[in-house]
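Trainee: Please take me through this entry. For each label, I would like to hear which rule it rests on.

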Amino acid sequence: LERTVTSLVSQTCEPIEILLVNDGSTDGSHSIIENFITNNRTGHKFVDISFNYQRGASEAFNSGLKCAKGYYVCKCDSDDILDPDYYKNLLEAASREGADIVITPIAVHCGNKISIIKPYRGNNLNDMGINTANFSLCNRIIRKSLLTDNHIEAYAHIDRWEDLGVMARVMALCPKVTYVNKPGYNYYLTPGVKSLSRSGCATLLRDHLLCAMLIERW
(Lines give C-alpha, C1' and ligand atoms only; values in the text may rest on other atoms or scores of the structure.)
Protein backbone atom coordinates (compact mmCIF):
# COMPACT_ATOMS: atom_id res chain seq x y z
CA LEU A 1 0.00 0.00 0.00
CA GLU A 2 2.82 2.42 0.87
CA ARG A 3 4.47 1.68 -2.46
CA THR A 4 1.19 2.29 -4.31
CA VAL A 5 0.37 5.60 -2.63
CA THR A 6 3.95 6.78 -3.12
CA SER A 7 3.53 6.24 -6.85
CA LEU A 8 0.32 8.28 -6.77
CA VAL A 9 1.79 11.29 -4.98
CA SER A 10 4.81 11.13 -7.32
CA GLN A 11 2.67 11.82 -10.40
CA THR A 12 4.13 14.67 -12.47
CA CYS A 13 0.78 15.89 -13.77
CA GLU A 14 -1.17 18.86 -12.47
CA PRO A 15 -2.51 18.31 -8.92
CA ILE A 16 -4.95 15.43 -8.69
CA GLU A 17 -7.46 14.27 -6.10
CA ILE A 18 -6.51 10.94 -4.53
CA LEU A 19 -9.52 9.24 -2.93
CA LEU A 20 -8.39 6.53 -0.52
CA VAL A 21 -11.19 4.08 0.26
CA ASN A 22 -10.56 2.03 3.39
CA ASP A 23 -13.01 -0.85 3.12
CA GLY A 24 -13.04 -1.93 6.75
CA SER A 25 -9.38 -3.00 6.85
CA THR A 26 -8.08 -4.62 10.06
CA ASP A 27 -4.39 -4.91 9.15
CA GLY A 28 -3.26 -1.44 10.19
CA SER A 29 -3.14 -0.17 6.61
CA HIS A 30 -5.18 2.91 7.50
CA SER A 31 -2.31 4.15 9.67
CA ILE A 32 -0.18 4.23 6.50
CA ILE A 33 -2.81 6.43 4.85
CA GLU A 34 -2.98 8.74 7.85
CA ASN A 35 0.78 9.17 7.72
CA PHE A 36 0.63 10.17 4.05
CA ILE A 37 -2.16 12.67 4.75
CA THR A 38 -0.37 14.19 7.73
CA ASN A 39 2.93 14.58 5.88
CA ASN A 40 1.57 15.55 2.48
CA ARG A 41 3.79 18.26 0.95
CA THR A 42 2.72 17.73 -2.65
CA GLY A 43 0.07 19.63 -4.57
CA HIS A 44 -2.06 16.51 -4.71
CA LYS A 45 -5.13 16.34 -2.47
CA PHE A 46 -6.04 13.36 -0.29
CA VAL A 47 -9.63 12.37 0.54
CA ASP A 48 -9.98 9.71 3.25
CA ILE A 49 -13.10 7.53 2.88
CA SER A 50 -13.29 4.91 5.63
CA PHE A 51 -15.80 2.23 6.54
CA ASN A 52 -15.91 0.34 9.85
CA TYR A 53 -16.76 -2.93 8.11
CA GLN A 54 -16.09 -4.46 4.70
CA ARG A 55 -18.65 -3.45 2.09
CA GLY A 56 -16.99 -4.98 -0.97
CA ALA A 57 -15.21 -3.85 -4.13
CA SER A 58 -18.28 -2.44 -5.88
CA GLU A 59 -19.31 -0.26 -2.94
CA ALA A 60 -15.73 0.92 -2.48
CA PHE A 61 -15.62 2.12 -6.09
CA ASN A 62 -19.07 3.73 -5.90
CA SER A 63 -18.16 5.58 -2.69
CA GLY A 64 -15.08 7.03 -4.35
CA LEU A 65 -17.01 7.98 -7.47
CA LYS A 66 -19.68 9.82 -5.47
CA CYS A 67 -17.02 11.90 -3.69
CA ALA A 68 -14.82 12.58 -6.74
CA LYS A 69 -14.63 16.19 -7.90
CA GLY A 70 -12.36 15.71 -10.93
CA TYR A 71 -13.37 15.98 -14.58
CA TYR A 72 -11.82 12.53 -15.18
CA VAL A 73 -11.79 9.55 -12.83
CA CYS A 74 -9.55 6.48 -12.64
CA LYS A 75 -9.23 3.51 -10.30
CA CYS A 76 -5.96 2.26 -8.82
CA ASP A 77 -5.75 -1.03 -6.93
CA SER A 78 -3.98 -0.93 -3.58
CA ASP A 79 -1.04 -3.15 -4.57
CA ASP A 80 -0.17 -1.74 -8.01
CA ILE A 81 2.21 1.01 -9.13
CA LEU A 82 1.96 3.88 -11.62
CA ASP A 83 4.87 5.27 -13.61
CA PRO A 84 5.49 8.94 -12.61
CA ASP A 85 4.22 10.33 -15.92
CA TYR A 86 1.23 7.99 -16.25
CA TYR A 87 -1.63 10.42 -15.56
CA LYS A 88 0.24 13.26 -17.26
CA ASN A 89 0.33 11.28 -20.51
CA LEU A 90 -3.34 10.31 -20.26
CA LEU A 91 -4.56 13.82 -19.42
CA GLU A 92 -2.52 15.39 -22.23
CA ALA A 93 -3.97 12.88 -24.71
CA ALA A 94 -7.50 13.56 -23.43
CA SER A 95 -7.03 17.31 -23.83
CA ARG A 96 -5.46 16.98 -27.26
CA GLU A 97 -8.10 14.61 -28.66
CA GLY A 98 -11.15 15.77 -26.72
CA ALA A 99 -11.56 12.18 -25.58
CA ASP A 100 -14.12 10.73 -23.19
CA ILE A 101 -11.76 7.87 -22.34
CA VAL A 102 -8.01 7.37 -22.67
CA ILE A 103 -6.70 3.79 -22.46
CA THR A 104 -3.21 2.28 -22.16
CA PRO A 105 -1.69 -1.21 -22.15
CA ILE A 106 -0.98 -2.83 -18.77
CA ALA A 107 2.40 -4.11 -17.60
CA VAL A 108 1.82 -7.36 -15.70
CA HIS A 109 4.55 -8.29 -13.22
CA CYS A 110 4.76 -11.87 -11.97
CA GLY A 111 8.03 -12.60 -10.20
CA ASN A 112 10.83 -11.64 -12.59
CA LYS A 113 8.57 -11.86 -15.63
CA ILE A 114 6.95 -8.79 -17.17
CA SER A 115 4.33 -9.08 -19.91
CA ILE A 116 2.43 -6.34 -21.71
CA ILE A 117 -1.28 -6.81 -22.40
CA LYS A 118 -2.82 -4.44 -24.91
CA PRO A 119 -6.49 -3.41 -25.15
CA TYR A 120 -8.65 -3.77 -28.24
CA ARG A 121 -8.58 -0.58 -30.31
CA GLY A 122 -12.17 0.02 -31.29
CA ASN A 123 -15.70 0.57 -30.00
CA ASN A 124 -17.36 -2.70 -31.06
CA LEU A 125 -18.20 -4.60 -27.89
CA ASN A 126 -18.65 -7.82 -29.87
CA ASP A 127 -14.96 -7.71 -30.82
CA MET A 128 -13.62 -6.97 -27.34
CA GLY A 129 -12.17 -9.92 -25.49
CA ILE A 130 -13.39 -10.25 -21.90
CA ASN A 131 -10.06 -9.56 -20.24
CA THR A 132 -8.29 -7.12 -17.94
CA ALA A 133 -6.87 -4.90 -20.66
CA ASN A 134 -10.30 -4.21 -22.17
CA PHE A 135 -12.46 -3.87 -19.08
CA SER A 136 -10.28 -2.81 -16.16
CA LEU A 137 -11.01 0.59 -14.63
CA CYS A 138 -7.33 0.96 -13.77
CA ASN A 139 -5.62 1.38 -17.17
CA ARG A 140 -7.74 4.32 -18.31
CA ILE A 141 -9.20 7.67 -17.35
CA ILE A 142 -12.93 8.23 -17.91
CA ARG A 143 -14.83 11.49 -18.16
CA LYS A 144 -16.79 11.41 -14.92
CA SER A 145 -19.98 12.83 -16.43
CA LEU A 146 -20.07 9.86 -18.83
CA LEU A 147 -20.78 7.77 -15.74
CA THR A 148 -22.94 10.15 -13.71
CA ASP A 149 -25.08 11.46 -16.59
CA ASN A 150 -25.93 7.88 -17.56
CA HIS A 151 -26.39 6.66 -13.96
CA ILE A 152 -23.61 4.09 -14.33
CA GLU A 153 -21.86 2.78 -11.24
CA ALA A 154 -20.57 -0.62 -10.15
CA TYR A 155 -23.30 -3.19 -9.61
CA ALA A 156 -23.90 -3.74 -5.87
CA HIS A 157 -22.60 -6.85 -4.09
CA ILE A 158 -20.22 -7.89 -6.91
CA ASP A 159 -16.53 -8.25 -5.98
CA ARG A 160 -15.32 -9.97 -9.15
CA TRP A 161 -16.04 -8.34 -12.51
CA GLU A 162 -17.24 -5.09 -10.96
CA ASP A 163 -14.99 -3.32 -13.49
CA LEU A 164 -16.59 -5.15 -16.41
CA GLY A 165 -20.06 -4.23 -15.14
CA VAL A 166 -19.11 -0.56 -15.46
CA MET A 167 -17.03 -0.62 -18.64
CA ALA A 168 -19.42 -2.78 -20.71
CA ARG A 169 -22.16 -0.19 -20.25
CA VAL A 170 -19.80 2.74 -20.81
CA MET A 171 -18.48 1.30 -24.08
CA ALA A 172 -22.03 0.57 -25.24
CA LEU A 173 -22.54 4.35 -25.29
CA CYS A 174 -19.90 4.62 -28.06
CA PRO A 175 -17.70 7.21 -26.29
CA LYS A 176 -14.73 8.88 -27.99
CA VAL A 177 -11.74 6.72 -27.05
CA THR A 178 -8.06 7.58 -27.41
CA TYR A 179 -5.17 5.15 -26.94
CA VAL A 180 -1.74 5.92 -25.50
CA ASN A 181 0.50 3.06 -26.57
CA LYS A 182 2.75 3.28 -23.53
CA PRO A 183 2.15 1.04 -20.51
CA GLY A 184 2.39 2.95 -17.26
CA TYR A 185 0.05 0.98 -15.02
CA ASN A 186 1.97 -1.86 -13.35
CA TYR A 187 -0.20 -4.77 -12.21
CA TYR A 188 1.43 -7.17 -9.75
CA LEU A 189 0.75 -10.88 -9.32
CA THR A 190 2.40 -13.16 -6.77
CA PRO A 191 3.71 -16.36 -8.45
CA GLY A 192 1.57 -19.32 -7.45
CA VAL A 193 -1.08 -17.17 -5.72
CA LYS A 194 -4.33 -16.32 -7.47
CA SER A 195 -5.75 -12.82 -7.11
CA LEU A 196 -9.32 -12.26 -5.89
CA SER A 197 -10.59 -11.91 -9.45
CA ARG A 198 -8.85 -15.14 -10.52
CA SER A 199 -9.75 -17.33 -7.54
CA GLY A 200 -11.58 -20.50 -8.48
CA CYS A 201 -14.56 -20.58 -6.15
CA ALA A 202 -18.34 -20.63 -6.19
CA THR A 203 -18.48 -16.92 -5.36
CA LEU A 204 -16.48 -16.12 -8.49
CA LEU A 205 -18.97 -17.98 -10.70
CA ARG A 206 -21.88 -16.35 -8.88
CA ASP A 207 -20.47 -12.85 -9.43
CA HIS A 208 -19.74 -13.50 -13.11
CA LEU A 209 -23.23 -14.83 -13.80
CA LEU A 210 -24.92 -12.05 -11.84
CA CYS A 211 -22.89 -9.37 -13.63
CA ALA A 212 -23.67 -10.90 -17.04
CA MET A 213 -27.41 -11.00 -16.28
CA LEU A 214 -27.44 -7.41 -15.00
CA ILE A 215 -25.66 -6.15 -18.13
CA GLU A 216 -28.06 -8.10 -20.34
CA ARG A 217 -31.03 -6.58 -18.50
CA TRP A 218 -29.52 -3.09 -18.88
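**Overall fold**

Mentor: In the chain, 78% of the contacts with a separation of 6 or more are between residues 24 or more positions apart. A contact here means heavy atoms within 4.5 Å. This is a predicted model, in which local features need pLDDT of at least 70 and side-chain atom pairs count only at pLDDT 80 or more, while totals for chains, interfaces and linings use all residues. Residues are numbered from 1 along each chain as its sequence is written, and side-chain values use heavy atoms, with hydrogens and water left out.

Trainee: How many helices and strands are there in the chain?

Mentor: The chain has 8 helices and 10 strands. Both are DSSP runs numbered from the N terminus: helices are H or I with at least four residues, strands are E with at least two.

Trainee: What makes the chain as compact as a globular protein of that length?

Mentor: Its radius of gyration is 17 Å, close to the 17 Å that the globule rule gives for 218 residues, so the chain is as compact as a globular protein of that length. The radius is taken over C-alpha atoms, and the rule is 2.2 Å times the number of residues to the power 0.38. Along the principal axes, the C-alpha trace spans about 45 × 45 × 40 Å.

**Buried and exposed**

Trainee: Why is Ser-7 called buried?

Mentor: Buried means under 20% relative accessible area, exposed means over 50%, and partly exposed lies in between (1.4 Å probe, protein chains only). Ser-7 has 7% relative accessibility, so Ser-7 counts as buried. The residue lies in helix H1 (residues 2–9). Apart from neighbours within four places in sequence, Ser-7 is in contact with Asp-80, Ile-81 and Leu-82. Over the chain, buried residues make up 46% of the 218 residues.

**Salt bridges**

Trainee: How do you know that Asp-163 and Lys-75 form a salt bridge?

Mentor: The rule asks for a side-chain nitrogen of Lys or Arg within 4 Å of a carboxyl oxygen of Asp or Glu. Asp-163 and Lys-75 have an N to O distance of 2.9 Å, so by that rule they form one. Asp-163 lies in helix H7 (residues 162–172) and Lys-75 in the loop between strand S3 (72–73) and strand S4 (81–82), so the pair ties together parts that are 88 residues apart in sequence. Asp-163 is buried at 11%, and Lys-75 is buried at 18%.

Trainee: What makes Lys-88 and Glu-92 a salt bridge?

Mentor: Their closest N and O atoms are 2.9 Å apart. Both residues lie in helix H4 (residues 86–97), 4 residues apart, about one turn of the helix. Lys-88 at 31% and Glu-92 at 39% are both partly exposed.

Trainee: What about Arg-96 and Glu-97: how far apart are the closest N and O atoms?

Mentor: They are 3.7 Å apart, and the pair forms a salt bridge. Arg-96 is exposed at 56%, whereas Glu-97 is partly exposed at 34%. Salt bridges that share partners also join Lys-75, Asp-77, Glu-162 and Asp-163 into one network. By this rule the count comes to 9 salt bridges.

Trainee: What makes the nonpolar surface patch?

Mentor: Leu-205, Leu-209 and Met-213 make it, with about 320 Å². Patch residues have over 30% relative accessible area and no salt bridge; like charges are joined within 9 Å, nonpolar side chains (Val, Leu, Ile, Met, Phe, Trp, Tyr) within 5 Å. Leu-209, in helix H8 (residues 202–217), is partly exposed at 49%. Areas come from the Shrake-Rupley method with a 1.4 Å probe, and for residues only the protein chains shown count as cover.

Trainee: Where is His-157 placed, and what is the value of its phi?

Mentor: His-157 is in the loop between helix H6 (144–148) and H7. Its phi is near 65°, a positive value in a residue other than glycine. Most residues other than glycine have a negative phi. His-157 is exposed at 63%.
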